[in-house]
Amino acid sequence: MDKKLLLVDDEEGIRKVLSISLSDSGYEVFTAENGEQALKIFREHSPPIVLTDIKMPGMDGIELLQKIKAENPDTEVIMITGHGDMDLAIKSLKYRAIDFVSKPINDDVLEIALNRAHEKILMRNKLREYTENLEELVREKSAQLIAMERQVAVGQTVEGLSAAMKNIAGDLEGGLNYFNEMPCFVSIHNRDLKVVAVNQLYRDRLGDKTGDNSWEVYSGENADDALCPSAKTFKTQKGQRTKATVKYANGRQTPVIVHTAPIRNQTGEVELVVEIAADIAEVNRLRTQVRELQDHLSSLGLKIGSISHGIKSLLTGLDGGLYLVDSGFAKQDQARVREGWEAVKITVSRIRKMVQNVLFFAKERELKWERISAVDFAGDVAASLETKINDQDIEFVCNFDPSMGDFEVDAGVMRIALINILENALDACLEDGVKKAHKIIFGAGRDQDRIFFEITDNGIGMDRETRENLFTLFFSSKGNKGTGLGLFITKKIIEQHGGKISVVSRPGVESRFRIVLPNRFPAVM
Amino acid sequence: MPKKILIIDDDPVIVKYLKAVFSDNGYATCSAGSSMEGLEVVKEEKPDLICLDLQMPGEWGPRFYRRLRKDKELKDTPVIVVSGIDGDHAIKDAVAFVKKPFDSEKLVGIVKNTIG
């Protein structure tokens, strides 16, 4: 216990006597002869008890009492009063002096007063201690309670989450492994915006960020404790979709799309956030692959509706021919039999052509190059259609430049290409009911380092819509008879050879196809 | 007097086929190779039934049908659609839809049921 004591009295005699007796009682006594001095000493040593005379020159005891109480209200002050100074004594009590003793000072009385002062100090201290302790205790316990509640909530949340994940994983083959193998970065974040868990891919590519801040893995505007996906989710309490950029462990950056899902605790507050980030580059790559596959499929594959229509017509035509032949035989009608047989022949040849086109189309094969005489080749092509054209009373004229020389070509497919055009010319003439005489001119020649073929007919011609869509897959102006494949394939073949095909036409008058091929096969295919 | 059937199809082989089938079953026939021609022939010949193909160059089958329905005299002529493509959404009141390739006996049966 603090045994310091300040004694203030203007009479030296009293100071001496009292300080001796007080020291004997075990106090450490400081003396002052006036108020100012007393304050100085008081400020320096902070004695818990002050014993002061009231009547002093300068600052009197009551003023001193006030000042002391103002500076350190816990100080207990005992006033020394003169004989008959009852008013002053009472006044000092009002100013919170703890007691007064009157002169001449009785030692016992003084002792009692001092003891009371001590007691008061003691009790005050104890009370303070208890109060502080109690407050501390309550704080502690409250904090513990909150923490425990939180934990329970989180625990339940995490349990719920992992139960849900287990359920989903259970539906998938491979169980929880699947989540580790998902081609996305999965991470779980808590309210303090710290990463709580990550999946394997995350660990592999971005590093094990468990315990780090949620925004650290991002770069750019999302690398911020208010703008990272988790922060936004906690703020809005709703799932977010964000385009962001993440940093790989090796420093590389890559764009991602982040979807977040809030995980709520029992009271409905968002406790955790799951971030699922899909690597855009990967997604785009896959998307492009899928698109390419789709394009490939739809160009390789046959649009059944379109092709099958042509096929159905051919089959009907075949039925027709057969019916005529059969019924012709039954009725012994030779003319009908002949008619039917012609129909069958025409239809079969159409079927053959379609099958060839389809086969060619379905199987992209490497071109088989050979070096051959252009004149011979053209002659070959002309010969294969000559009879058919002549049978229809169409004049067929061939103009081949004999000095054309050789060229490099896959003869087999180029034949198909030219035959498709010639047959179209034939059909165009047949379609045209206006002109009396029809003619197809097949020309071939050399133009510097190129070979050209020209096929002209004076058939029905083509309108602009037809000309523009001529080489499009499945476009046909021939109604039931067209497959929409012929010219598409022709163009493809020519382009594969590094050549070009063009057409001019006047509706009702004529059409001319011009094919130009390089002499040598192109170096780069 | 035999009932007359108008065949509208751009494929001459199919026209020949249908003509043979129908005339073998006692019907008179006439034909047209396009829907434009068809409109003319319909007015001239006034057939009792029309066999219509849907996909033809120039005007499409359903267009012909709409034109037909607009003409007061001709709009009640029964129409059978014979086609390789699904036309039932394009032509609503056709008597029947026959898909190519078809069974000629069935077709004749439908015609008999319609016009006798």
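**Exercise 1. Which strands of chain A do the buried residues of α8(A) pack against?**

Before we start: this is a predicted model, where local features need pLDDT of at least 70, side-chain atom pairs count only at pLDDT 80 or more, and totals for chains, interfaces and linings use all residues. Residues are numbered from 1 along each chain as its sequence is written, while chains are lettered from A and ligands numbered from 1 in the order in which they are written.

*Solution.* 
- Step 1: find the helix. In chain A, α8 covers residues 229–236; helices (H or I, at least four residues) and strands (E, at least two) are DSSP runs, numbered from the N terminus.
- Step 2: see what they pack against. The partners are β6 (184–190), β9 (241–247), β10 (253–264) and β11 (270–279) of chain A.
- Step 3: look just past the helix, where Gln237(A) has a positive phi of about 60°.

**Exercise 2. Describe how α12(A) and α13(A) meet.**

*Solution.* 
- Step 1: know what to look for. Two packed helices are described by the angle between their axes and the distance between the axes.
- Step 2: read off both. The axes of α12 (residues 374–391) and α13 (residues 411–431) of chain A come within 10 Å and cross at roughly 35°. Axes are lines fitted to C-alpha atoms, for helices over the stretch in contact, with angles from 0 to 180 degrees between N-to-C directions.
- Step 3: list who touches whom, taking contact as C-beta atoms, placed from the backbone, within 7 Å. On the α12(A) side, the residues include Phe377(A), Val381(A) and Leu385(A); on the α13(A) side, they include Leu418(A), Ile419(A) and Leu422(A).
- Step 4: sort the contact residues by type. You get nine nonpolar, one polar and four charged. Here Ala, Val, Leu, Ile, Met, Phe, Trp, Tyr, Cys and Pro count as nonpolar, Asp, Glu, Lys and Arg as charged, and the others, Gly among them, as polar.

**Exercise 3. Is Ile419(A) buried, exposed or partly exposed?**

*Solution.* 
- Step 1: count around it. Ile419(A) has 18 other C-beta atoms within 10 Å, so it's partly exposed.
- Step 2: check its contacts. Beyond neighbours within four places in sequence, Ile419(A) touches Val381(A), Ser384(A) and Leu385(A).
- Step 3: go further along the chain. Lys353(A) is 66 residues away in sequence, yet its C-alpha is 9.8 Å from that of Ile419(A).

**Exercise 4. How many helices and strands does chain B have?**

*Solution.* 
- Step 1: count them: four helices and five strands.
- Step 2: look at burial. Of chain B's 116 residues, 39% count as buried.

Conventions:
Contact = placed C-beta atoms within 7 Å. Buried ≥ 20, exposed ≤ 12 C-beta atoms within 10 Å, placed from the backbone.
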